[in-house]
Amino acid sequence: MTYIFLDESGDLGFGKRSSKWFLFTLVVVDDPRKLERIIKKTRKSLKKKYKRKLSELHAYHCDDITRTRVLTNLAKEEIAVVTTVLNKNKVYVDLQNQKNYLYNFTANIILDRLINKKLVSGEEHISLVVDRKDTKKHLRDNFISYITEAMKKRRGGGNFKMSLAASHDEKGLQAVDFISWAIFRKYERGDFEFYELIKSKIIDERLLFP
C-alpha cells in the first residue's frame with residue numbers, strides 16, 4: 001500500500017494581492033505513521049500556551065524553530081516529494097478566468113510526474129489524501145472524478161482511492177503543508193532557507209509555463 005498526501009500553496013487569483021505562484025506538492029510514503037509521529041512529537045514539544053492557540057500545525061503560523069524541526073525530521077524519513085509549480089505570470093489571459101480548469105490541469109500534471117518517475121506501479125494499492133479546504137461541493141466532486149479517472153487511465157485500472165480530509169484530522173496533510181510551504185517560499189520570496197532542509201527528498205520539481 002502506498003500513501004500519497006497532496007497539498008497546495010499560493011492561490012489562483014490574478015489580482016494585485018494574489019500570489020505570483022501556485023503549486024501542488026505531494027508526499028509519497030509507505031506508512032503514514034512516519035508523518036504522524038513527527039507532527040505529534042513536534043506538537044507535544046510546544047509550550048502549553050501555543051498548544052491552546054494551535055489546534056493543528058501549519059507552517060505559516062509556526063515559528064522558525066518549529067518549521068526547522070518538522071522539515072529536518074521529515075528529511076530523515078523514507079519519503080518522496082513531487083511538486084508542480086505554476087508560473088501565473090505566464091498563464092494566458094483567456095485561461096485566467098478558468099480557475100477550475102487550471103486547478104485540475106496543474107493537479108493532473110503532478111500525478112503524471114508521479115507515474116513517470118515510477119514512484120507508484122500499476123498494480124499496487126494507492127490511497128491519495130487531499131486537503132479539503134473550503135472548496136465548494138460541486139468543485140470538490142468534479143476534482144475527485146477528474147483525478148480518479150485520470151489515474152485509472154494511466155495505471156490501467158489499478159486499485160486507487162482518493163479522499164478529501166480536513167488537515168486538523170489528518171496529520172499527513174500537516175506534514176506535507178510544511179514541505180509545500182518551504183517550496184513556495186523559494187519561488188514567492190526567494191527564500192531558500194527552509195527549502196534546503198527538504199531538498200534532498202524532492203524527486204521531481206516541475207515548472208509550468210517557465
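The model is predicted, so local features are given only where pLDDT is at least 70 and side-chain atom pairs only at pLDDT 80 or more, while totals for chains, interfaces and linings use all residues. Residues are numbered from 1 along each chain as its sequence is written, and side-chain values use heavy atoms, with hydrogens and water left out.

**Aromatic rings**

A pair of aromatic rings is described by the distance of the centres and the angle of the planes. Rings of Phe, Tyr and Trp (its six-membered ring) pair if their centres lie within 6.5 Å; planes under 30 degrees apart are stacked, over 60 edge-to-face, and the rest tilted. The structure holds nine such pairs, and two of them are set out here.

| Pair | Centre distance | Plane angle | Class |
|---|---|---|---|
| Trp21 and Tyr187 | 5.1 Å | 50° | tilted |
| Phe192 and Tyr195 | 6.0 Å | 85° | edge-to-face |

Trp21 sits in strand S2 (residues 21–29) and Tyr187 in helix H6 (residues 171–188), so this pair links parts of the chain 166 residues apart; helices (H or I, at least four residues) and strands (E, at least two) are DSSP runs, numbered from the N terminus. Both Trp21 and Tyr187 are buried. Here buried means under 20% relative accessible area, exposed over 50%, and partly exposed in between (1.4 Å probe, protein chains only). In the other pair, Phe192 is partly exposed at 39%, whereas Tyr195 is buried at 5%. Elsewhere, one aromatic cluster is made of Phe22, Phe24, Tyr103 and Phe143.

**The nonpolar core**

A nonpolar core is a set of buried Ala, Val, Leu, Ile, Met, Phe, Trp, Tyr and Cys residues joined through side-chain atoms within 4.5 Å. The largest one has 34 residues, and Leu35, Leu74, Ile79, Ile179 and Ile183 touch the most other members. Several elements supply at least two residues each to this core, among them S2, helix H1 (33–45) and strand S3 (80–87). H6 gives the largest share, 10 residues.

**The largest pocket**

H6 returns in the lining of the largest pocket, where its five residues are the largest share. A pocket is an open set of points on a 1 Å grid over the protein atoms alone, where a 1.4 Å probe fits, with protein on both sides within 12 Å along at least five of seven lines; lining residues have an atom within 4 Å of a point. Of the 15 lining residues, Ser9, Gly10, Tyr60, Trp181 and Phe184 are the closest to the centre of the pocket.
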